[in-house]
Amino acid sequence: MRKFRTLDEFEEEYFCKHPEEIDNYLTEIFQEYSEDSDSGALLASLRVVARVRGISEIAEQIGMTRRGLQKALSNNGNPRLENINSIMKALGYFLTPTTTNQSSRGESNISQKLVPARVPTPGKILSRELEARGWTQKDLAEIMGRPVQIINEIIRGSKQITPETAIELSQALGTSPEFWTNLEAKYRLHLVGKEKKEQDIARKSRLYTIAPISELIKNKWIQAADSIDDLERQVCNFFGVSSLDETLKLDVNFRCYQHQEPETTSRIAWVKRVENLAKQQTVASFQCKKLETAIPEILACAKQVESIVQIPKLLADLGIHFLIVPHLSKTYLDGAAFYLNSNPVIALTLRYDRIDSFWFTLLHELAHIVLGHQGTYLDNLDALEKNDEETEANAKAAEWLINSQTLNEFIIRSKKIFSRKVIEEFAQNQNRHPGIILGRLHYDKLVPHKNLRLLLVRVSQILSDSTDNFCDSKLDIQQTAEVPTNHDD
């Protein structure tokens, strides 16, 4: 192993003239340290680099005196890890872990080289050379027979060092032409890498503006990717476009805005997921009149929670796509209704995994279709848009579930005292699950929301076959208590 404890002035002078070799030098001495743990050799080598870069300048950056830094890097020095880290940062490097390959005993392989945190311009090195000689830019210009402006542009970094200029600099400063061409090439490669990184950051920023990328990955709608090209390709495929410069094409009629809020982008992504899944389904041809006639058959499944399992097939036979896709963050959706080609699509989120919420949301979306409402309806039933169509769909769904006149008679007859037994007897008479009746009484504030909640059974397990495959991460699916089928108890 090469030892650097007693480097003479020649070695220091060499790195002053060839700073482009310092990266490889540091990589070598850290690799050697990983093998033999010779801290004295490591400190001696760092001392050489520190002298080349300027002891006083580095000491000032890390808040030490020049003497203190020299002592820390002496043969007897014992600096703490944070001191070494500060010194390396001042030298322009980061300490980062790398993997080792220990396939054979005693073998160690450093997989990465040290990467400079910053790369000096060739002009910076040239400026230091002039300062060391006590020359001005004008002096060098006269020596080389070049205009002062050329020298100034090289020092500022606005003009590249050509091979011809490299030869002239080597003759004027006693270096090799390769020294200057290597500095220039290394600096330009650094700029290209920096520009690419900035472009990648800008592209990724745009992706996160267009879509909720983290949730798309979490929900497995797209896959995590190290490459920005791969991530962008997946997003394009998800939205069905060849380039992000295209306008997002949704087969549904969804109101989109050029400057979208996070909630809007999440809603668009949710709708696109529903659309993509609906395209994989096969359903019968659709006739609105046939759907309206089939509403009693659909409501026959509202008596027992287990009967809900029949809903997807009933709707498919009527020409309606039915899906459950849990809502994304900040969207607060309960359901949606829109058309895919000539067939309706109904999607529920089960944001409230309760039998009353399921049935009212389903019937609200069906009402949009039966009433001939066109376009896309993304419904948050806690805060519906105030328009005639939403009001009409609400009224239709409520009437389908429980006849208003019959409900009023029940309320009067019960004298607004609603025990579990009273609710279950009325539900049995109406062929409805008691949780549906309780939900309506909760909504009308005739029963406190905290009362009798055991009747509000979950439905998610029953509809698992119709639920998007990421449901486990979004729905609180738990084993529900056994649901009684005999409501006379």
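A residue is termed buried when its relative accessible area is under 20%, exposed when over 50%, and partly exposed in between (1.4 Å probe, protein chains only). The structure is a predicted model, in which local features need pLDDT of at least 70 and side-chain atom pairs count only at pLDDT 80 or more, whereas totals for chains, interfaces and linings use all residues. Residues are numbered from 1 along each chain as its sequence is written, and side-chain values use heavy atoms, with hydrogens and water left out.

The chain contains 22 helices and four strands (DSSP runs numbered from the N terminus; helices are H or I of at least four residues, strands E of at least two).

Aromatic pairs were assigned to rings of Phe, Tyr and Trp (its six-membered ring) with centres within 6.5 Å; planes under 30 degrees apart count as stacked, over 60 as edge-to-face and the rest as tilted. Because W221 belongs to the loop between α12 (213-218) and α13 (228-239) and F238 to helix α13, the pair ties together parts that are 17 residues apart in sequence. Both W221 and F238 are buried. A tilted pair is formed by F410 and F418, with 5.6 Å from centre to centre and 50° between the planes. F410 counts as buried at 2% relative accessibility, and F418 is buried with a relative accessible area of 10%. W221, F238 and F239 form one aromatic cluster.
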